[in-house]
Amino acid sequence: MDVTPQQPPPALRPEYAPDADWPPPGGSPPGPAPDPVSLAEPPPAPMRTTLRRAAFGLVAGAVLVTGAVVAVPDDDQDAAPPVPGPVSRAMTATAAGSPASLADLTALIGDRQKWVGTHPSDAGSWAVLGSAYVEWGRRAADPAYYTRAEQALKRSLDVRPGESGNTAAWVGLASLANARHDFVTAKKWGETVRARQPKEWTVYPQLIDAYNGLGDRKSAITAVERFTALRAGVPALGRAAEMYRDRGWREDALATAQDAANRATAPAEKAACLARLGELAWERGEPKEAVAQYGAALRIDKGHHASLAGRARALAALGRTDEALRDYRAALAKSPRPAYLLELGELYESLGLDGDSVDQYDKLRAALDAGEARGVDEALPLGRFEAAHGDADSAVELLRAEWDRGHRSAAVADALGWALHRSGDSDGALEYAGRAVDSGGRNASYSYHLGMVQRALHDYGAARRHLEEALRTNPEFSPLDAPLAQEALDTLGQPPAGGPQDMRRDPVPEPPRAPAPEPTASAGGPQTSGGVPAPAAGPQAAPAPAGGGAQAPVQPSAAPSAAAG
């Protein structure tokens, strides 16, 4: 299939109905084929088709989700192989577990929409379409596509149940649940596939995301190891690098991420690897290196929103705020993610641009509301925002519910601890803030939050230690919080000389000296009833004589003398 888009994917048309009915299962619908627009497409670019869609439909269903590359036979044995087009490039990327470019992903979605419009009983193509919708919605931060993905995946399972071998649709549902931050459901679908097909490598990235979201670090590590064993390559290296980072193994994370970047060849894959290197540099407190890595990613893919937002963060740390604002706006134009909206709002606030910050916070609330309306669990970003800039009590309620449903990642623990602290319950905050720091990763924001909680509890030594750790990890970790961390550290002052009192060893007491016996007085000295001299208590001054004159102290002799006869 050679489908060449003529322009970048435009914005979603408002007249599109995302909840349109699907064709009935079991054959083509009566009457004319449904309009492809009713099949929940993203706005496809103009395309031209050069190969037979029927043959390609089999390839797409097998490759995109299951990763099996299937050759399409051609009656003309002498014909030259077709030049890879955007659809085949998207298929090749997905078969390797790598990201496809947005243009290629758009072409793939448009192709599958048209195919299922005339072949509604093709379960594999419905699964491909649903999984592609999930990826589009994730990359564009448009939760409307999650609704379309759910419809397509359920349509696939209606045609062919998962128990009959349609595990690709189950993997798609796990991916959809992760995109909606429903990690309990993602775990359920992922473990269902793993139980039936333990060597199905496509399910392991979904299990990794689900376990990380639930805070099950041990299971996440096991899933990474299994994924690496089944599918060695750039995607597995990337997952391993992230695992090392989350465990605080910075050198291993950097070496593995660099290895992945060196091996990557496709532009979208290369840009993602370079962006990961930029993120690691930022977390180490090296904004210049981060700017360089993000810039390298943007030279390959100028619309890579993660690199635009990452570079904006690093530029702000370097004081290049005009460039930072430019990059944040460009990132939001590509992908209006709540995290980017919050970061830009806080940058405006740090610059004293209160009107602009309020506007960004309003946009953030609207984006979170839109996500909730489409089934996305937005408790974590909303709780973070409310704890820092809104109603801390509301944040506590949101985040406690998140914790109780099993979402116990370090991020949720940190957010809940900070919300409790901001609501006035620093005693309750200490447990959660400590869990976040003890998770293994080196996160400056987590250390800052724990230090501030300990300061409120008058545990000044521990507070000083964690505030120093935050600023040592990344001195510019937040345009608002980093200055507050330094201010709090300054008010705590320097530790007492010799180290903390409770860390100093008590002095060892000297052993008592054996009493020495008194010398025998030549006349009238003190004696026991048996004639043995009474032992002296040690050198001491004798009582003053009655007349008030001074008397020299009695010095014991080396050995007692015999009693006078």
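Helices (H or I, at least four residues) and strands (E, at least two) are DSSP runs here, numbered from the N terminus. This is a predicted model, in which local features need pLDDT of at least 70 and side-chain atom pairs count only at pLDDT 80 or more, while totals for chains, interfaces and linings use all residues. Residues are numbered from 1 along each chain as its sequence is written, and side-chain values use heavy atoms, with hydrogens and water left out.

**Overall make-up**

- The chain has 24 helices and zero strands.
- Of its 565 residues, 45% count as buried. Buried means under 20% relative accessible area, exposed means over 50%, and partly exposed lies in between (1.4 Å probe, protein chains only).
- Take the contacts between residues at least 6 apart in sequence: 58% of them join residues at least 24 apart. Contact means heavy atoms within 4.5 Å.

- Ala 331 lies in helix α15 (residues 321–334).
- Ala 331 counts as buried, at 0% relative accessibility.
- Leaving aside residues up to four places away in sequence, Ala 331 touches His 305, Leu 308, Ala 309 and Tyr 340.
- Ala 331 and His 305 are 26 residues apart in sequence, yet 4.7 Å apart in space, C-alpha to C-alpha.

**Helix packing**

- Axes are lines fitted to C-alpha atoms, for helices over the stretch in contact, and angles run from 0 to 180 degrees between N-to-C directions.
- Angles under 35 degrees count as roughly parallel, over 145 as roughly antiparallel, 65 to 115 as roughly perpendicular and the rest as oblique.
- A crossing is left-handed if the near helix is turned anticlockwise from the far one by less than a right angle, and right-handed if clockwise.
- Helix α13 (residues 287–300) and helix α14 (residues 305–317) cross at roughly 155 degrees, and their axes come within 9 Å. The two are therefore roughly antiparallel. Their crossing is left-handed. Contact residues include Pro 287, Tyr 294 and Leu 298 of α13, and Leu 308, Arg 311 and Leu 315 of α14.
- Helix α18 (residues 379–389) packs against helix α19 (residues 392–404) at an angle of about 155 degrees, with axes 8 Å apart. This pair is therefore also roughly antiparallel. The crossing of α18 and α19 is left-handed. Among the residues in contact are Leu 380, Leu 382 and Glu 386 of α18, and Leu 398, Leu 399 and Glu 402 of α19.
- Helix α3 (residues 102–118) and α4 pack at about 145 degrees, with their axes 9 Å apart. α3 passes α4 in a left-handed crossing. The contact includes Ile 109, Arg 112 and Trp 115 of α3, and Trp 126, Tyr 133 and Trp 136 of α4.

**Aromatic pairs**

- The structure holds nine aromatic pairs. Rings of Phe, Tyr and Trp (its six-membered ring) pair if their centres lie within 6.5 Å; planes under 30 degrees apart count as stacked, over 60 as edge-to-face and the rest as tilted.
- Trp 136 and Tyr 145 have ring centres 6.0 Å apart and planes at 55 degrees, so the pair is tilted. Trp 136 is buried, at 7% relative accessible area. Tyr 145 is buried too, at 1%.
- For Trp 418 and Tyr 448, the ring centres are 5.7 Å apart and the planes are at 45 degrees, so this pair is tilted. The pair links distant parts of the chain: Trp 418 in helix α20 (residues 410–422) and Tyr 448 in helix α22 (residues 444–456), 30 residues apart. Both Trp 418 and Tyr 448 are buried.
- Tyr 133, Trp 136 and Tyr 145 are linked into a cluster by ring pairs.

**Charges over rings**

- A charge sits over a ring if NZ of Lys or CZ of Arg is within 6 Å of the ring centre and within 35 degrees of the ring normal.
- Arg 148 lies over the face of Tyr 145, 4.2 Å from the ring centre.
- Lys 188 has its charged end over the ring of Trp 189, 4.4 Å from the centre.

**Positive phi in loops**

- Ala 141 is not a glycine, yet has a positive phi of about 55 degrees. Ala 141 lies in the loop between α4 (123–140) and α5 (144–159). Ala 141 counts as partly exposed, at 24% relative accessibility.
- His 181 also has a positive phi, near 65 degrees. His 181 is in the loop between α6 (167–179) and α7 (183–196). With a relative accessible area of 27%, His 181 is partly exposed.
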